[in-house]
Amino acid sequence: MASFMSAKEAAEKWDISQRRVAVLCSENRIGGAMMVGNMWIIPGDAEKPADRRVADREKQNAVPPKPFVKWAGGKGQLVGELEKMLPVGEEKKLTKYVEPMVGGSALLFTVLAKYDFEQVYISDINAGLVNAYRVIKSDVDSLVARLSEMQRRFLPMDENGRKECYYAVRETFNRLALSEENAVEKAALFIFLNKTCFNGLYRVNRKGQFNVPMGAYKNPCICDEDNLRNVSNALQNVEIVCGDYSLSARVIDEKTFVYLDPPYRPISETSAFMSYNADAFDDNEQIRLARFIDEMNKAGAKIVLSNSDPNCEP
């Protein structure tokens, strides 16, 4: 009869962390490993897999990170135009980069790959999104392990099974209060929902509950491990804040490049179908943002703002 060992025993035998063993199991890199209940068991004669992380890091260094979530209003297609406004030749004058409404961060990762700012500050009012950034920065191994497990279970399901799984995850996400103890789980649920919901939208009701229906993707990439690790490396020296954009005023001065991408003003009442948090970004908020930009301009900051032209009177 074949003998098995636990992930803890394998970790001690191979002189690696138990968390790393779980990641290797979830990646199917340990032959014969299987999940029993909520724990991995591994054949007793299994050999330690070769560590490919060095090669992965070399690969990551060669490929710029990209946004890890789909985000409505994301600027992926406009990065080329926005990049023209970056401070080329002014690196010694501008030492800080601030993005106080970071969202999907299309421009941020271009900046991190091409510029060497001494200080980078990002923030967003969406607590789930900010938690995902923080977990990717500080505990990407655990996040990859959990997302790999979710992907392994979700993809083979039929349509009915996927629907049942999606709405169960959505219910859990809405019920689970964010804390230090469940930060990884909350981030995994957030990313899972983003990758499997309709059009990658993030919309909440007045109670602040995520309410986007399931999308119709045949083979969603729930765990893009290479990019998650690449993003993690890029974020190591980035300050990540959860809160209103106005909090960034404390770091903004004449040495700062600021990029703001607020929610767009809807062209009609019926088109205002998205809310990233329970409080709408209405005309009063647009006015408050304009005043904030004026203040930061007076402080000497270089500012770029993306916004819509709804062609109607405010």
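Analyst: Just after α1, D15 takes a positive phi of about 60°. This is a predicted model.

Now the helix itself. α1 spans residues 7-14, and its buried residues are A7, A10, A11 and W14. These residues sit on the same side of α1, because they cover an arc of only 100° around the axis. The general rule is that an α-helix has 3.6 residues a turn, so residues three or four places apart point the same way. K8 and E12 are exposed, on the face of α1 turned away from its buried side. The cover over the buried residues of α1 includes β1 (4-6), α2 (18-26) and β3 (39-43).

Next, the charged pairs. The whole structure holds 12 salt bridges. One of them joins R229 and D141, at 2.6 Å from N to O. R229 belongs to helix α10 (residues 225-235) and D141 to helix α7 (residues 140-154), so this pair ties together parts that are 88 residues apart in sequence. R229 is buried, with a relative accessible area of 9%.

R229 also forms a salt bridge with E225, with the closest N and O atoms 2.8 Å apart. The two are four residues apart in helix α10, about one helical turn. E225 is buried too, at 12% relative accessibility.

Helix α11 (residues 283-298) has a pair three residues apart, E285 and R288. Their closest N and O atoms are 2.9 Å apart, in a salt bridge. E285 is partly exposed, with a relative accessible area of 23%. R288 is partly exposed, at 31%. Shared partners also link salt bridges into one network of R146, E149, R153 and E185.

Terms used
Residues numbered from 1 in each chain as written. Predicted model: local features only at pLDDT ≥ 70, side-chain atom pairs only at ≥ 80, totals over all residues. Heavy atoms only, no water. Buried < 20%, exposed > 50% of the residue type's maximum accessible area, 1.4 Å probe, protein only. Arc of directions from axis to C-beta. Contact = heavy atoms within 4.5 Å. Salt bridge = Lys/Arg side-chain N within 4 Å of Asp/Glu carboxyl O.
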